[in-house]
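Welcome, and thanks for opening the viewer. Keep the selection panel at hand, and we will go from stop to stop together.

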Amino acid sequence: MENRLMNRILWLALGAVFAGTALADDVRVSVGQPGFYGQIDIGGYANPPVVNPQPVVVAPAPEYANAPPVYLHVRPGHEKHWKEHCAEYHACGRPVYFVKDDWYNKEYVHHHHDHDHDHDHDRDRDHDHD
């Protein structure tokens, strides 16, 4: 009986650990926030600092032959092994510029934070006039 109780407690504890891990993995981070990795809109930035001066392409695809390059913020090291990681970013076959992590976190995130704050203020002001 004691052994059965210990097994039940162990399984409940393991279930709680895995449930917590699953919930933590499901947290979404959107563009313009620290920790976001993916395609970014560079509108408003003439020449963001990039890792490579030329866009990187893995297995060029005909549908992207004349497409402009996309700008991506990728996890550190992913640009070095792009062939292994391009599918995670839906960018295999596309010309890609990797923006520098430092620039993304200091400039891009800051710009989006200020921009989002301005929109929140505008919505509050518009709401006051209703």
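Begin by selecting His-73 and Asp-101 and showing their side chains: a polar contact of 2.6 Å joins the two (a polar contact is a pair of N or O atoms within 3.5 Å; within protein, one must be able to donate a hydrogen and the other to accept it, and residues adjacent in sequence count only if both atoms are side-chain atoms). A word on what you are viewing: this is a predicted model, in which local features need pLDDT of at least 70, side-chain atom pairs count only at pLDDT 80 or more, and totals for chains, interfaces and linings use all residues. Residues are numbered from 1 along each chain as its sequence is written, and side-chain values use heavy atoms, with hydrogens and water left out.

Beyond its neighbours within four places in sequence, His-73 is in contact (heavy atoms within 4.5 Å) with residues including Phe-36, Tyr-37, Tyr-89, Val-99 and Tyr-104. His-73 has a relative accessible area of 1%, so it counts as buried (buried means under 20%, exposed over 50%, partly exposed in between, with a 1.4 Å probe and protein chains only).

Now switch to cartoon view. His-73 belongs to strand β2, residues 70–73 (strands are DSSP runs of E, at least two residues, numbered from the N terminus). Three strands make an open sheet, ordered β1-β2-β3, with mixed pairing (two strands pair if DSSP finds at least two bridges between them). Because β1 and β3 (96–98) each have a single partner strand, they stand at the edges, and one side of each has no neighbour in the sheet. From one strand to the next, the twist averages 45 degrees (axes are lines fitted to C-alpha atoms, and angles run from 0 to 180 degrees between N-to-C directions).

Zoom in on β1 and β2, which pair in the antiparallel sense over three bridges. Select Ile-40 and Tyr-71 there: Tyr-71 is the bridge partner of Ile-40 in β2.

Next, pick Ala-59, in the loop between β1 (38–40) and β2. Is Ala-59 buried or exposed? Its relative accessibility is 59%, so Ala-59 counts as exposed.

For the last stop, show the cysteines. Which residues does the disulfide join? Cys-86 is linked to Cys-92, S to S 1.8 Å (a disulfide is a pair of cysteine sulfur atoms within 2.5 Å). The link of Cys-86 and Cys-92 is right-handed, with 90 degrees about the S-S bond. Colour by accessibility: Cys-86 is buried at 2%, whereas Cys-92 is partly exposed at 36%.

Key. Helices (H or I, at least four residues) and strands (E, at least two) are DSSP runs, numbered from the N terminus.
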